[in-house]
Every structure is written in structure tokens, then in C-alpha cells.
Amino acid sequence: MALSLFEKIWREHVIRDLGNGYALLHIDRNVNHDLVGSLVFEPLDKLKRRMPFPELNFATMDHGIDTDPGRGDETKIPGGKDGVQGLRRKSKEYGVHLFDLGDVRQGIVHVITPELGIALPGLTLVCGDSHTTTVGGMGALCWGAGVTEIEHVLATQTLLVEKPKALRILFEGRVAKGVTPKDMILYAIGQLGAKAGNGYCVEFAGEAIRALPVEGRLTVCNMAIEMAARFGMVAADDTTFEYIAGRPFAPKGALFDQGVRYWRTLPSDPGAAFDREVTLDAGKIEPQITWGTSPQDVIGVSGRVPDPAKAPNAEQRGYLERALKYAGLAPGAPIDGTPIDVAFIGSCTNSRLSDLRRAAQILKGRKVAKGVTAWCVPGSGQVKRDAEAEGIDRVFRDAGFEWREPGCSMCVALGGDKFGPGQRSISSTNRNFENRQGVGVRTHLASPEMVAAAAVTGRITDVRKLAV
Amino acid sequence: MDNFDVLTGKAAPLMRANIDTDAILPSRYLTRSSSQGKAGFGQFLFADWRFDDAGKPRPDFVLNRPEYKGAQILLAGENMGCGSSREHAPWALKGFGIRCVIAPSFGEIFFNNCFKNFVLPIALDAATVGKLAAQVEAGTGNRTMTVDLRQKTITAPDGSAIGFTIDEQRRQALLKGLDPIGETLLMWDEITAWRTKDQAKRPWAYLPKSG
Ligand code: SF4
């Protein structure tokens with residue numbers, strides 16, 4: 001029987017089918033972070049139960065910590081320190097692998113799990129954060145779980161899961177020069193809408209996906225949740241296996257070879273059934289930029305923001321008016337040339353070494369425009385170290401960017417990092433919701449190179465005009 | 001242990017559409033912890049709506065009004081609990097004392113998270129929710145409703161009965177106060193047997209025992 005990638009991994013993990021579309025699944029990996037803190041250990045404490053498989057559980061600090069050089073447990077938010085110290089205390093108590101502040105392995109959860117070889121093809125991996133879809137780019141089944149679910153995983157290494165439907169999005173053809181994985185996923189969300197993935201596991205496939213390096217696939221899967229899909233994935237292939245080889249928690253030697261043999265059996269079979277399938281022409285994509293307050297409010301950089309007067313109905317008109325009002329943009333205006341105040345490169349969407357390298361190419365020999373605040377927050381200690389070894393930090397600093405410590409930072413503006421009301425931000429993150437980057441901040445999502453281009457010109461700019 | 005069978009309590013109408021999880025519990029409170037654990041988030045429920053910038057209660061906000069003091073049932077608009085997966089939203093509701101939320105539709109994750117925390121979300125058609133809200137608001141002395149999970153009925157303030165539907169598995173879990181971890185631990189032998197087989201098949205997926 002022809003099976004999809006999703007179906008194969010799902011079936012392999014069913015311990016018991018509970019009917020009604022629910023199954024008890026084995027969870028191969030779980031990662032905690034400081035926002036979840038010590039809360040998730042409450043039931044274990046109460047039950048006075050040891051964690052059965054601490055070695056499959058990991059923890060890092062990312063959400064609530066700040067990203068200032070020299071930072072410590074003292075976050076800038078009330079109670080933040082409790083999360084950091086609680087997670088540390090409980091991780092030690094229960095024997096969970098902890099990547100603490102100051103450890104080169106510390107970083108944003110979805111950056112470090114592939115980087116450290118914690119995420120492998122064919123695994124189930126959960127984390128108490130909805131962007132866990134990111135890690136599906138490794139060819140694994142990865143999703144964001146609620147706190148009660150994480151408690152269940154810690155206590156049993158299993159989870160009761162409702163089986164999603166299967167959606168495949170095929171990117172056929174090749175992307176043009178200057179078009180990045182971020183543009184691909186923003187384009188897909190713009191085409192399909194922010195609700196299209198509700199109830200689905202999305203497999204991204206097709207020529208343009210296969211051509212992507214692993215880090216690009218992670219970027220694409222990162223935003224599956226922005227189309228409301230709880231799961232996103234890309235089939236693993238030789239590109240993935242090469243990426244995994246030698247990573248600290250990845251299998252070694254004969255075990256690795258055995259893994260590869262198994263992983264090769266996972267891609268969707270020809271003729272596998274999907275509940276829905278969509279084909280997009282990758283060649284049509286240009287650098288994307290959001291204009292409104294949802295990732296689906298996205299256009300090509302040469303486009304114009306919509307005009308509510310042309311909306312097909314009152315509901316749509318109301319939506320557009322509200323979004324434009326928040327964004328402070330005129331109906332029908334071209335987006336290219338819109339002045340910006342802040343530029344941010346970071347987050348689990350786009351803070352990996354390849355992202356920073358590409359942004360650095362734009363920044364090289366240029367300066368951040370007057371009046372613009374520009375930040376770069378590498379996704380992990382390892383990314384930061386690698387970038388520094390290549391001199392990328394110098395390029396950023398020389399251009400006038402702040403080069404900060406790894407964490408979620410302005411993606412969620414929890415850790416005390418914040419922009420000011422009314423400021424216009426261009427950001428390599430994944431959510432442009434109202435107030436996401438601070439009260440009243442107007443966020444435009446784009447690729448790291450688009451952020452770099454806007455930082456140096458002081459305006460939203462088609463990066464292709466600056467590329468060499 | 002938590003459970004839910006019959007709830008008789010005051011209902012409060014908050015008839016806005018798209019009340020997102022950030023409104024239910026603003027993100028700046030996510031990292032707050034207190035000796036009360038999850039229940040401690042109740043003090044921050046709807047913080048931006050309940051309190052002004054100086055932290056003083058806004059007298060006109062429904063949950064601050066004396067007639068809704070101690071409300072245990074919340075009536076809300078379309079797409080209640082949309083937004084993020086934060087489970088702090090149902091914790092805050094429950095910590096505040098809300099045990100049942102009635103709305104025309106719900107954000108999917110919020111809906112699921114409510115069950116996990118023994119807060120009962122009930123979807124009714126918009127007209128019925130509107131009618132309930134109107135009765136509560138008219139408040140001719142009676143803002144009380146009864147939600148009977150055994151019978152799957154709601155008794156409106158005017159005494160009329162309204163049926164509702166709910167997934168049977170979920171209903172049982174709420175009624176019995178089933179703790180999901182306890183449930184799963186009953187299957188421990190089965191899980192161990194599965195694992196032994198799986199470990200032979202996917203040895204690369206496991207890591208050495210720590211500590
Ligand atoms: S970077 Fe943003 S999206 Fe990613 S884990 Fe952190 S807060 Fe979540």
C-alpha cells in the first residue's frame with residue numbers, strides 16, 4: 001500500500017489505537033524551555049515518580065531570557081528568573097539534558113534540536129511551543145504540545161494524539177535568484193491563507209523543496225503553523241543525512257548506517273494518498289514582504305498593499321481596513337520604499353548560519369541607515385561561534401548592527417527586548433500580529449536579506465537591487 | 001482530583017468575537033509563577049481588559065461588575081480562544097473560577113486545552129448564545145445557569161433547557177475526573193512491550209541512559 005511520509009511515521013509510533021482518530025504515540029524526543037519552566041514537573045513531583053526516560057528529554061533557555069551581552073538569570077521580566085532557575089533545578093533533579101546559559105549549545109529550541117542531532121528523520125519530537133513544526137524539516141513528525149501534554153510526556157514518554165489529515169504542498173519548478181525559503185513559505189501562506197492547514201499535517205515537497213539545504217527546509221516548516229497546521233514536514237534525503245552525520249546526539253558508526261537505511265524508506269510512496277494536494281509554481285515567487293497583521297497579509301516586494309475599497313465584501317473590507325490602520329499604510333500604496341525604524345534578524349525561522357551569511361553579503365561594505373536600530377540575534381551559541389569564526393559578526397557590527405546573545409528576543413518580545421510603540425519593524429521572524437514585538441510595533445516579515453537591505457537603505461527595499 | 005458533572009453558577013456575558021489567548025492571558029504574564037502554580041494565573045485573567053494602566057480595576061468591564069462577581073460560566077463570541085497554544089489561557093480562566101465557557105465557536109487548541117484542564121467548552125449556535133447573553137444581561141434577579149454534563153443540558157436563566165453535544169470520550173474523562181497520566185500508566189506493560197520491540201527495530205532512535 002502506498003503510504004505518505006506522515007503516515008509511515010505515525011504508524012511506526014502507535015502504541016495503542018484508541019479509536020475516534022486518537023492514538024497513544026511513543027514520543028522519541030521532548031524539549032523543555034524556560035517559559036514552561038518548572039511547572040511541567042508538578043505531576044511527577046506529586047506522583048513522586050521518576051521520569052522513566054530522562055535521556056530522551058532536553059531543556060534550553062530561550063524565551064524569557066534577554067539577549068544582552070553578559071546576561072544572567074535576572075531577566076527583565078517579572079518572574080522570568082523563576083522560569084530559568086526552576087527549569088535548571090528540575091532538569092538537574094530529573095536528569096534531563098540541560099543547555100544552560102553560557103553553554104555553547106544553548107539557543108532557540110528549534111535551532112538547537114537539528115543542530116545537536118537531537119532531531120532525526122522518522123522521530124516524533126514535541127516541545128511546548130507551536131513552532132516545533134520547524135523541526136519537521138528533518139523528515140520527522142514534530143509538533144507543539146500544550147503544557148499538560150508535556151507533563152504527560154515527561155511522566156510516560158507517550159502522548160495521546162488526534163491524527164491529522166494529510167496535505168501536500170508541491171513547489172514545482174525552481175525559484176529565481178534572490179528568492180529564499182522564507183519567501184517560499186510566505187508566498188504559500190499568502191496563496192492558501194492563514195487557516196488552510198487547520199487540522200492537517202503538511203508535507204512540503206517538489207523540486208524547489210528538494211533543492212533546499214536542511215536549514216532552508218527548517219525555515220519552510222517553521223511557518224507551517226502560520227497556516228494553522230500543527231505539523232509540517234519535508235522528507236529526509238542525502239542532504240539531510242549529510243547534515244546529521246557527526247552531530248553530538250546523532251547516532252554514530254553502524255548505528256548511523258542503520259538509521260540511514262531506515263530513513264531511506266520513509267519518503268512518501270508514489271501514489272500515496274493525501275486529503276488535499278496543492279501545487280505552487282516556485283518560479284513565480286519574488287521576495288515577499290508582509291504588510292498587515294497576519295502572515296497571510298503578504299505581497300511580493302514589487303506589489304502594492306490592498307485597497308479595502310476594492311474588497312469583495314464588507315467583512316473583507318473591515319479586515320483590510322483594520323490591518324492597514326494598525327500598519328499605518330495607505331490603501332493601494334507600493335510597499336517598496338516604506339521607511340522603517342528597526343530591523344531584526346533572528347528567531348527560529350531565520351537565525352541559522354546560512355541566514356546570517358546571506359544577510360552579511362548584503363551588509364558587507366554598507367552601513368545601517370541613519371535613525372534605524374538594527375539587531376542580529378544568532379539562534380544558538382554554536383551559530384554565534386561559527387559566525388564569529390567566519391568574521392560575520394564583524395560585518396554585522398561594522399554595518400551598525402547590534403550583535404547579541406542567542407535567544408528568542410524580538411520574535412516574541414518576552415525577554416524584555418522590545419521595540420517602541422508605532423515603530424515600523426522589518427523582521428526575519430514568523431508573526432506580525434498586533435503588539436507581537438512590543439505594544440503598537442508594526443511588523444513586516446521578510447527574509448534575512450530583505451531585512452538587511454531595509455536596514456541599510458532605511459526603507460523596505462527589493463533586495464535584488466542590492467545583491468551583487 | 002478535578003472532575004466536572006453538574007455546575008450551577010452565575011454566568012457573565014463577554015460577547016466579543018475573536019477573543020484571543022493573548023487577551024485571556026497577556027504574554028507578559030506568561031512567566032509569572034506563584035506558590036499557587038497554575039491557578040496563580042487567575043489573577044491575570046483578561047488583565048488588559050480588567051485593569052487600567054495604573055493597575056486599577058476598570059469598573060465597566062463585565063467581570064469587575066458586582067453583579068457578575070463569582071461568575072463560573074463565561075459566555076463569549078465567535079472564535080473564542082483563537083491565537084496561540086498557550087495553556088495559560090484555561091489556567092487563568094480556571095484560576096479565576098470560570099469552569100465553563102459557552103461560545104458559537106472556539107480556537108481549536110484552546111478548545112482542547114480547556115478539556116485538559118477541566119474547563120468545559122460548549123459550542124452552541126450563535127443565536128442561542130446570544131439569547132443566553134441577553135437573559136443574563138437583562139438579569140432580572142437571575143444570572144444563574146446550570147450546566148449538566150450528565151444529561152448534556154444547560155438550564156438557561158429563564159428555566160428553559162438547551163441540549164449540547166460533546167465528544168463521548170471527553171465527557172467521560174471530565175465526569176470521572178480522569179487524570180490522563182494515571183490512565184496511561186495503567187497501560188504501562190503494553191508500553192514497555194512496545195518499546196522493547198521498537199528498540200530492536202530502531203536502535204538509532206534511542207540514547208544512552210543518562211545519570
Ligand atoms: S524564536 Fe519565536 S517562534 Fe521561535 S521558539 Fe522563540 S518565540 Fe517561538
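User: Where in chain B is Asn79(B) found?

Analyst: Asn79(B) is in the loop between strand S2 (73-76) and helix H3 (88-96) of chain B. Helices (H or I, at least four residues) and strands (E, at least two) are DSSP runs, numbered from the N terminus. The model is predicted, so local features need pLDDT of at least 70 and side-chain atom pairs count only at pLDDT 80 or more, while totals for chains, interfaces and linings use all residues. Residues are numbered from 1 along each chain as written, chains are lettered from A and ligands numbered from 1 in the order written, and side-chain values use heavy atoms, with hydrogens and water left out.

User: What phi does Asn79(B) have?

Analyst: As a general idea, most residues other than glycine have a negative phi. Asn79(B), which is not a glycine, has a positive phi of about 60 degrees. Ala228(A) is another non-glycine residue with a positive phi, of about 75 degrees. Ala228(A) sits in the loop between helix H8 (214-222) and strand S11 (231-233) of chain A.

User: Is Ala228(A) to be read as buried or partly exposed?

Analyst: Buried means under 20% relative accessible area, exposed over 50%, and partly exposed in between (1.4 Å probe, protein chains only). Ala228(A) has 25% relative accessibility and therefore counts as partly exposed.

User: Which residue takes a positive phi just after H4(B)?

Analyst: That residue is Phe118(B), with a phi of about 60 degrees. Helix H4 itself (residues 108-116 of chain B) has the buried residues Phe110(B), Asn112(B), Asn113(B), Cys114(B) and Phe115(B). These buried residues pack against helix H1 (21-24), H3, strand S4 (120-123) and helix H6 (168-176) of chain B. Contact here means heavy atoms within 4.5 Å.

User: What is the radius of gyration of chain A?

Analyst: The radius of gyration is taken over C-alpha atoms, and the globule rule is 2.2 Å times the number of residues to the power 0.38. For 468 residues a compact globule would have a value near 23 Å, and chain A, at 21 Å, agrees with this. The C-alpha trace of chain A spans about 55 × 55 × 45 Å along its principal axes. Chain A has 15 helices and 19 strands, and buried residues make up 66% of its 468 residues. Among the contacts in chain A with a separation of 6 or more, 75% join residues 24 or more positions apart.

User: How many aromatic pairs are there over all chains?

Analyst: Rings of Phe, Tyr and Trp (its six-membered ring) pair if their centres lie within 6.5 Å; planes under 30 degrees apart count as stacked, over 60 as edge-to-face and the rest as tilted. By this rule there are 22 aromatic pairs over all chains. One of them is the tilted pair of Phe6(A) and Trp10(A), at 5.8 Å centre to centre and 45 degrees between the planes. Phe6(A) and Trp10(A) are separated by about one helical turn because they are four residues apart in helix H1 (residues 5-13) of chain A. Both Phe6(A) and Trp10(A) are buried.

User: How are the rings of Phe53(A) and Trp188(B) arranged?

Analyst: Phe53(A) and Trp188(B) form a stacked pair, 6.5 Å centre to centre with 25 degrees between the planes. Phe53(A) lies in the loop between helix H2 (42-47) and strand S4 (57-60) of chain A and Trp188(B) in helix H8 (residues 188-201) of chain B, so the pair joins two chains. At 11% relative accessibility Phe53(A) counts as buried, whereas Trp188(B), at 22%, counts as partly exposed.

User: Which residues do ring pairs link into a cluster?

Analyst: The cluster consists of Phe241(A), Phe256(A), Tyr262(A), Trp263(A) and Trp204(B).

User: Which residues does Thr240(A) touch?

Analyst: Apart from residues up to four places away in sequence, Thr240(A) touches Pro121(A), Met138(A), Val214(A), Arg217(A) and Ala235(A). Thr240(A) is in helix H9 (residues 238-244) of chain A and is buried, with a relative accessible area of 0%.

User: With which residues is Ser409(A) in contact?

Analyst: Leaving aside neighbours within four places in sequence, Ser409(A) contacts Thr67(A), Phe344(A), Trp375(A), Val377(A), Leu414(A) and Asp417(A). Ser409(A) lies in the loop between strand S17 (402-403) and strand S18 (424-427) of chain A, and at 0% relative accessibility Ser409(A) counts as buried.
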